[in-house]
Amino acid sequence: MRTFFNLYFFGILISTLLSGSQVIGTIDKVVGKVIIKSDYSIKTSVAPILGGLVYIGDRISTADDGELRISLEDGPNLLTIYSESELRLNRSKSSIDFLLDYGSILIETDSELSLNHNLLTENSIISLIEGECFVNRDFSNKDQIYTLRGNVNIKSLKNGLGTTLGIGEFITSDSDSLHNKEKIKEGVLPSKIYNQYKYNVDLI
């Protein structure tokens, strides 16, 4: 019996060590219905809990009342996934990639990340060094990228064109290319996100 329990806890230890290298962050906010499909769970789909871990390979889906915020492993950096969204978490040799299938997310970075963090959609690759970026992707295959703080580099995956957005700018990326930069105005963002942008502007 003792041998069995020794093997059991040894297995848990090994599993934890192996999965630890794949951890991307910790859940620090959950609202409404959120489902995570994870390679590291016994169940096919799980409901996240406060303080739970999020792994490379996870697929996160939020319902119309759902919201999930992840505190990323490398510093005081946050990823928020808003309602009616689906996001996948992947990793390449030099970066961690957030693949947004649809919906809205906010990335907030207050320190330089140890790895590049890229947001990918079917149209665009979006890179944020330090700052805040809000992205909305709708079912018409259109991305809208807003810089709330700092600078954001964007590249079209359709024709390779790229640009940089500064604070207060946004751009649309669709199946053709990147469109012209525009200024953020009241009404183009959800009120909570717009108020966060205005707070950042007032600090300058």
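My entries on these two topics follow.

**Ground rules.** I am working with a predicted model, where local features need pLDDT of at least 70 and side-chain atom pairs count only at pLDDT 80 or more, while totals for chains, interfaces and linings use all residues. Residues are numbered from 1 along each chain as its sequence is written, and side-chain values use heavy atoms, with hydrogens and water left out.

**Asn153.** I found Asn153 in strand 12, residues 143-156 (strands are DSSP runs of E, at least two residues, numbered from the N terminus). Asn153 counts as partly exposed because its relative accessibility is 36%, between the limits of under 20% for buried and over 50% for exposed, with a 1.4 Å probe and protein chains only.

I then listed its contacts (heavy atoms within 4.5 Å). Beyond neighbours within four places in sequence, Asn153 touches Ile125, Ile126, Ser127, Thr163 and Thr164.

**The cavity.** Which residues line the largest cavity? I noted Ile107, His117, Leu119, Ile126, Ser127, Leu128, Cys133 and Val135. A cavity here is a set of 1 Å grid points where a 1.4 Å probe fits but cannot get out, and lining residues have an atom within 4 Å of a point. I get a volume of about 40 Å³ for the largest cavity. Strand 11 gives the largest share of its lining, five residues.

Definitions and conventions:
Helix = DSSP H or I, 4+ residues; strand = E, 2+ residues; numbered from the N terminus. 1 Å grid on protein atoms, 1.4 Å probe; cavity = no way out; pocket = protein on both sides within 12 Å on 5 of 7 lines; lining within 4 Å. Points joined across faces, edges and corners; volume = space filled by probe spheres on them.
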